[in-house]
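Here is a short briefing on a protein model. Keep the sequence and the structure in view while reading.

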Amino acid sequence: MPNRPPPKQKASFCWPFSTDIDVARNALLPEEDVLFSISTLTKVGSTGGSITGLLTITDRRILVCRGESSQSICIEMPIDTIESMSVEDYDLFVELHIIGRRDSFTFSENPKFIELAKKTLDTLIYNQSQKAAFVETQPSSNETDTIQVLKSYKELLDAGVITQEEFEKKKAQLLGI
């Protein structure tokens with residue numbers, strides 16, 4: 001039988017405090033979309049402690065926010081810094097571990113909420129990787145300009161306006177050969 005931590009109380013849904021919502025709302029960037037949000041206990045690697053507050057997944061980052069009268073806390077992890085995620089099932093609750101380049105978040109919750117949060121993050125990470133792959137395959141504007149200029153010189157060569165030697169010289173100049 002695998003080693004498991006001592007049993008905890010079953011996670012249950014609770015309504016977030018309005019102060020937590022206010023802190024999270026104020027942390028949102030213009031045009032940032034909230035995709036998932038839940039009031040939960042989140043362990044934060046950089047602080048070495050836990051925060052009971054609002055865990056929010058947006059289209060750009062994960063936020064863990066807690067609003068108190070004396071002090072507000074909002075810790076973020078950009079989606080593009082997520083290096084790995086794992087799920088651990090402890091019968092009554094499930095933990096989602098999110099490891100980023102500079103921080104880590106672990107939150108324990110009902111399996112349905114964990115599944116929804118993980119699917120949301122998986123989709124964001126996939127979409128981001130697709131976008132990055134598309135950008136890498138697109139020629140830069142300088143490359144596009146050079147190609148257009150070369151085509152123009154080729155048309156001049158084909159029309160007999162310039163000689164083959166002039167075309168080769170211009171081609172070498174444009175390509176930096």
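Helices (H or I, at least four residues) and strands (E, at least two) are DSSP runs, numbered from the N terminus. Along the sequence, the protein chain reads α-β-β-β-β-β-β-β-α-α-α. That pattern holds four helices and seven strands. The model is predicted: local features need pLDDT of at least 70, side-chain atom pairs count only at pLDDT 80 or more, and totals for chains, interfaces and linings use all residues. Residues are numbered from 1 along each chain as its sequence is written, and side-chain values use heavy atoms, with hydrogens and water left out.

**Whole chain**

- Of the 177 residues in the protein chain, 31% are buried. Buried means under 20% relative accessible area, exposed over 50%, and partly exposed in between (1.4 Å probe, protein chains only).
- The accessible surface of the protein chain is about 11,600 Å². Carbon and sulfur atoms hold 53% of this surface. The areas come from the Shrake-Rupley method with a 1.4 Å probe; for residues, only the protein chains shown count as cover.
- Among contacts in the protein chain with a separation of 6 or more, 49% join residues 24 or more positions apart. Contact means heavy atoms within 4.5 Å.

**Salt bridges**

- The whole structure has seven salt bridges. Each needs a side-chain nitrogen of Lys or Arg within 4 Å of a carboxyl oxygen of Asp or Glu.
- Arg25 and Asp22 form one of them (3.4 Å, N to O). Both sit in helix 1, three residues apart, about one turn of the helix. Arg25 is exposed at 52% relative accessible area, while Asp22 is partly exposed at 37%.
- Lys43 and Glu95 form another (3.4 Å, N to O). This pair links distant parts of the chain: Lys43 is in strand 1 and Glu95 in strand 6, 52 residues apart. Lys43 is partly exposed at 35% relative accessibility, whereas Glu95 is buried at 5%.
- Arg61 and Glu76 also meet in a salt bridge (3.2 Å, N to O). Arg61 lies in strand 3 (residues 61-67) and Glu76 in strand 4 (residues 72-78), 15 residues apart. Arg61 is buried, with a relative accessible area of 6%. Glu76 is partly exposed at 42%. Through shared partners, salt bridges join Glu32, Arg61 and Glu76 into one network.

**Buried polar and aromatic side chains**

- Glu109 is in strand 7 (residues 104-109). Glu109 counts as buried, at 2% relative accessibility. Its side chain makes a polar contact with the side chain of Thr40 (3.1 Å). A polar contact is a pair of N or O atoms within 3.5 Å; within protein, one must be able to donate a hydrogen and the other to accept it, and residues adjacent in sequence count only if both atoms are side-chain atoms.
- The structure holds one aromatic pair. The ring centres of Tyr90 and Phe93 are 5.2 Å apart with planes at 35 degrees, so the pair is tilted. Rings of Phe, Tyr and Trp (its six-membered ring) pair if their centres lie within 6.5 Å; planes under 30 degrees apart count as stacked, over 60 as edge-to-face and the rest as tilted. Tyr90 and Phe93 are both buried.

**Backbone**

- Most residues other than glycine have a negative phi.
- Glu31, not a glycine, has a positive phi of about 70 degrees. Glu31 sits in the loop between helix 1 (18-27) and strand 1 (34-44).
- Asp91 also has a positive phi, near 70 degrees. Asp91 lies in the loop between strand 5 (82-89) and strand 6 (94-100).
- Gly176 follows helix 4 and has a positive phi near 70 degrees.
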